[in-house]
Amino acid sequence: AAAVFLAISFNIQEREEQLEKIGAQLKEKYGNHFDIFRGLLIVTISPVFLIYFGISFVIQRIRRAPCVTYEYSKPPENTQSIRHIDRAGWFTTEARRLIREFQSWNRTKVFVYGVYWGLAFMILYVVVAQFTLVFLSWLIEVTSAMPLAQVTGILVGIGMTMFLLPPVPGVPIYLTLGIVIIPVGREVFGVTLSILYALGVSLCLKLLACTLQQKMIGGLLQHKVSVRQFCGVNSNLMRSMKLVLMQPGLGIDKVSILVGGPDWPTSVLCGIMGLDLIPILVGTLPIIFLITPTLLSGTFLYMSSVRLKDGQLEFPWAGTLATICTAITALVQFGSMVVAAFYLEKTVSNRQHELEDIPIDEEVKEADEKDEEIREKYDEVTTWKSLPLIAKVVLALSLICMITSCYMVQFFSSLCFVEYQLTYTIADHLDGDWKNIVMPLGA
């Protein structure tokens with residue numbers, strides 16, 4: 001609705017000017033990353049493109065039939081080939097325009113990024129959605145006979161290990177705590193107090209992780225060029241974050257970065273800058289607004305699969321609440337990131353002179369230049385025209401197999417994996433072997 005309102009607010013010429021302006025801004029800021037999004041485009045809508053080109057081919061064959069009268073546009077004077085005429089060629093003019101655009105891409109990088117996007121989807125949909133479910137059901141079964149304190153210690157150890165890994169965000173950790181603690185805690189405190197207990201453990205775990213990341217990684221390893229380079233201390237993003245985090249007090253901009261910024265780089269950057277720990281932890285406390293719906297999503301997800309002895313669901317309303325809490329989690333997560341991005345962009349626009357005064361880390365700059373030189377040499381020898389035929393075939397087949405696999409597990413999931421729930425056990429429902437969750441088509 002917002003898009004439609006904005007569209008009708010301008011006439012055709014103004015809309016075209018605005019689109020050109022937006023396109024130029026996107027190209028200026030994110031031009032180096034277009035291949036990443038092109039790879040995503042290839043993976044997600046390749047079947048749509050195939051259907052489109054099939055229809056285009058049929059239309060063009062009909063136009064060229066002797067019995068069909070079709071008025072086509074005359075070629076302009078600067079047309080270099082008859083292939084650009086409407087009625088010539090195997091496809092319509094619009095389809096050929098798309099083909100020429102595709103041919104202008106760096107297809108090697110686009111195909112590689114497409115494979116990476118496919119791997120990411122398979123990890124999320126298979127490893128996270130399927131095997132993590134089996135792991136959590138096993139963990140619930142194993143910890144059900146343990147005291148609550150022991151279960152808490154195990155989860156804190158697992159959560160801390162995950163927090164110290166740079167790519168891992170906090171959301172799956174909070175979700176796991178909500179799933180595993182409640183089955184044990186409800187026997188001691190009941191469901192409500194168990195949820196409050198899990199919230200307290202989650203918040204303490206987050207603050208402890210921030211402390212270790214800031215003091216042990218950022219503080220003790222700040223002399224390591226590789227650590228500073230991994231954080232991207234010379235990038236505009238990190239320099240803007242540094243400028244905001246250096247401010248005294250706890251304004252909305254500072255808190256939004258501590259909550260909505262990337263977990264590992266933000267805490268490590270605070271350590272590299274030598275900021276005081278207590279104010280940073282206080283500014284991180286609003287993370288409870290993200291922890292709460294995430295943990296409740298896990299709790300209600302578990303409760304939705306609990307059944308009474310007669311086979312009836314004990315909490316028939318829990319599935320609905322799990323869906324609602326998941327939506328709230330996504331909203332809070334995305335909203336915090338948007339607010340943080342807004343204030344960082346505002347800092348870049350309004351405090352440009354202060355950003356320029358921040359000294360460049362020369363050691364990191366030198367390391368970045370070496371890496372950039374290596375990337376340029378790699379790009380030179382891996383252009384599509386430079387690749388041997390066997391490499392092109394292998395890369396294209398890899399992408400085709402990845403796209404096929406993604407669509408198979410998405411639309412034929414019931415034929416790829418055995419139905420499994422959190423309250424199931426490996427012994428009873430997978431014949432004692434966790435790998436049995438994968439059916440022949442899924443393998």
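Which backbone oxygen lies 2.7 Å from a polar atom of the side chain of Ser304? Point 5 takes this up, after some remarks on the chain as a whole.

1. The model is predicted. The protein chain comes to 20 helices and zero strands. Of its 443 residues, 36% are buried. The chain exposes about 26200 Å², and 66% of that area is supplied by carbon and sulfur atoms. Where contacts join residues at least 6 apart in sequence, 74% of them are between residues at least 24 apart.

2. The largest nonpolar core has 49 residues, and the members touching the most others are Leu155, Leu177, Val180, Ile287, Phe300, Tyr420 and Leu422. Among the helices that each supply at least two residues are H5 (107-143), H6 (148-163), H7 (171-185), H14 (288-303) and H15 (318-350). Helix H8 gives the most, with nine residues. In soluble globular proteins, nonpolar side chains tend to be buried together.

3. Leu422 deserves a separate entry. Beyond its neighbours within four places in sequence, Leu422 is in contact with Leu133, Leu136, Ser137, Ile140, Ile179, Leu301, Tyr302 and Ser305. Leu422 is also one of the core members that touch the most others.

4. Is helix H7 largely enclosed or largely open, and why? H7 is largely enclosed by the rest of the structure, because eleven of its 15 residues are buried. The buried residues include Tyr174, Leu177, Ile179, Val180 and Pro183. They pack against H5, H6, H8 and H14. The length of H7 also agrees with expectation: at 1.5 Å a residue, its 15 residues should span 21 Å, and its end C-alpha atoms are 21 Å apart.

5. Ser304 sits in the loop between H14 and H15. The backbone oxygen in the opening question belongs to Leu301, at 2.7 Å from a polar side-chain atom of Ser304. With neighbours within four places in sequence left aside, the contacts of Ser304 are with Leu313, Phe315, Ala318 and Gly319. Thr320 is 16 residues from Ser304 in sequence, and their C-alpha atoms are 8.5 Å apart in space.

6. The count of aromatic pairs comes to 14. Phe163 and Tyr174 have ring centres 6.2 Å apart and planes at 55 degrees, so this pair is tilted. The pair links distant parts of the chain, with Phe163 in H6 and Tyr174 in H7, eleven residues apart. Phe163 and Tyr174 are both buried.

7. Phe342 and Tyr343 make an edge-to-face pair, with 5.2 Å from centre to centre and 75 degrees between the planes. Phe342 is partly exposed, at a relative accessible area of 49%; exposed would require over 50%. Elsewhere, ring pairs link Phe102, Trp105, Phe111 and Trp384 into a cluster.

8. Asp431 is worth a look in the backbone angles. Asp431 is not a glycine, yet has a positive phi of about 55 degrees. Asp431 lies in the segment after helix H20 (426-429). Is Asp431 buried or exposed? Asp431 counts as exposed, because its relative accessibility is 68% and the cut-off is over 50%.

Terms used:
Residues are numbered from 1 along each chain as its sequence is written. This is a predicted model: local features need pLDDT of at least 70, side-chain atom pairs count only at pLDDT 80 or more; totals for chains, interfaces and linings use all residues. Side-chain values use heavy atoms; hydrogens and water are left out. A nonpolar core is a set of buried Ala, Val, Leu, Ile, Met, Phe, Trp, Tyr and Cys residues joined through side-chain atoms within 4.5 Å. Buried means under 20% relative accessible area, exposed over 50%, partly exposed in between (1.4 Å probe, protein chains only). Helices (H or I, at least four residues) and strands (E, at least two) are DSSP runs, numbered from the N terminus. Contact means heavy atoms within 4.5 Å. A polar contact is a pair of N or O atoms within 3.5 Å; within protein, one must be able to donate a hydrogen and the other to accept it, and residues adjacent in sequence count only if both atoms are side-chain atoms. Rings of Phe, Tyr and Trp (its six-membered ring) pair if their centres lie within 6.5 Å; planes under 30 degrees apart count as stacked, over 60 as edge-to-face and the rest as tilted. Accessible areas come from the Shrake-Rupley method with a 1.4 Å probe; for residues, only the protein chains shown count as cover. The expected span of a helix is 1.5 Å times one less than its number of residues.
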